[in-house]
Amino acid sequence: MTWLFLICAFTAIGCGLISGFFLTFSDFLMRALKMSEVSTGIEVMQIINVEVWKSVTIVLLWGFVAITAGLGGYAYFNLPGPSQPYILFGSASYIIGVLGISYLFNIPLNDRLAALDFNSPAAATYWRETYLPRWTFWNYLRATAAGTTAICFLIASILLA
């Protein structure tokens, strides 16, 4: 099962990186945008939300959806033993906590922000009262979910070693 050990270890490292990416945003980047002029913060976030789809981060983010789903399916059907629950829980954590939260909460908030003129009073109200608190909350949960996945796959890889 060397191949499974290696994939689990790779997934642990990758999901740890994704968790750090989300944590960076919630911990200090969003605070910095909040401290800037409202229109500047909105404009920069609008740009980030376009550019992130062209980045290696998005390839990793969605690539680990496929990897965790595949590993979860493999573990469920073919891997009885102590590593199975860690792989299953880690997979569920990533798929629900990263993919699910992204599509149910963060992406719709981004889409609404993208539709607003960054200089408008409506955008400023949305930014302060809705976008910043909600987006940051959901993003912290994504960081936690990706971190949980990393821990689960680290434990699974140790059990497989």
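A residue is called buried when its relative accessible area is under 20%, exposed when that area is over 50%, and partly exposed in between, as computed with a 1.4 Å probe on protein chains only. The model described here is predicted, so local features need pLDDT of at least 70 and side-chain atom pairs count only at pLDDT 80 or more, whereas totals for chains, interfaces and linings use all residues. Residues are numbered from 1 along each chain as its sequence is written, and side-chain values use heavy atoms, with hydrogens and water left out.

Helices are DSSP runs of H or I with at least four residues, numbered from the N terminus. Helix 1 covers residues 2-35, which makes 34 residues, and reaches 49 Å from its first C-alpha to its last, close to the 50 Å expected at 1.5 Å a residue; the expected span is 1.5 Å times one less than the number of residues. Helix 1 also has a kink of about 40°, centred on Leu 29, where the bend at a residue is the angle between axes fitted to the seven residues ending there and the seven starting there.

Thr 68 lies in helix 3, residues 56-78, and counts as buried because its relative accessibility is 0%. The side chain of Thr 68 reaches the backbone oxygen of Val 65 at 3.2 Å. Contact means heavy atoms within 4.5 Å, and, leaving aside neighbours within four places in sequence, Thr 68 is in contact with Thr 11, Ser 91, Tyr 94, Ile 95, Thr 149 and Phe 153.

Trp 135 belongs to helix 5 and is likewise buried, at 3% relative accessibility. With neighbours within four places in sequence again left aside, the contacts of Trp 135 include Phe 25, Met 30, Met 45, Asn 106 and Leu 109. The C-alpha atoms of Trp 135 and Pro 108 are separated by 9.7 Å, although the two residues are 27 residues apart along the chain.

**Cysteines**

A disulfide is a pair of cysteine sulfur atoms within 2.5 Å, and a search of the whole structure finds 0 of them.

**Salt bridges**

Side chains of opposite charge can pair when their charged atoms come close. A salt bridge is a side-chain nitrogen of Lys or Arg within 4 Å of a carboxyl oxygen of Asp or Glu, and by this rule the count comes to 2.

| Salt bridge | Closest N and O atoms | Relative accessible area |
|---|---|---|
| Asp 27 and Arg 31 | 3.7 Å | Asp 27 33%, Arg 31 44% |
| Glu 51 and Lys 54 | 3.2 Å | Glu 51 40%, Lys 54 61% |

Asp 27 and Arg 31 are separated by about one helical turn, because they are 4 residues apart in helix 1. Asp 27 is partly exposed, as is Arg 31; in the other pair, Glu 51 is partly exposed, whereas Lys 54 is exposed.

Technical notes
Helix = DSSP H or I, 4+ residues; strand = E, 2+ residues; numbered from the N terminus. Polar contact = N/O pair within 3.5 Å; in protein donor to acceptor, adjacent residues only side chain to side chain.
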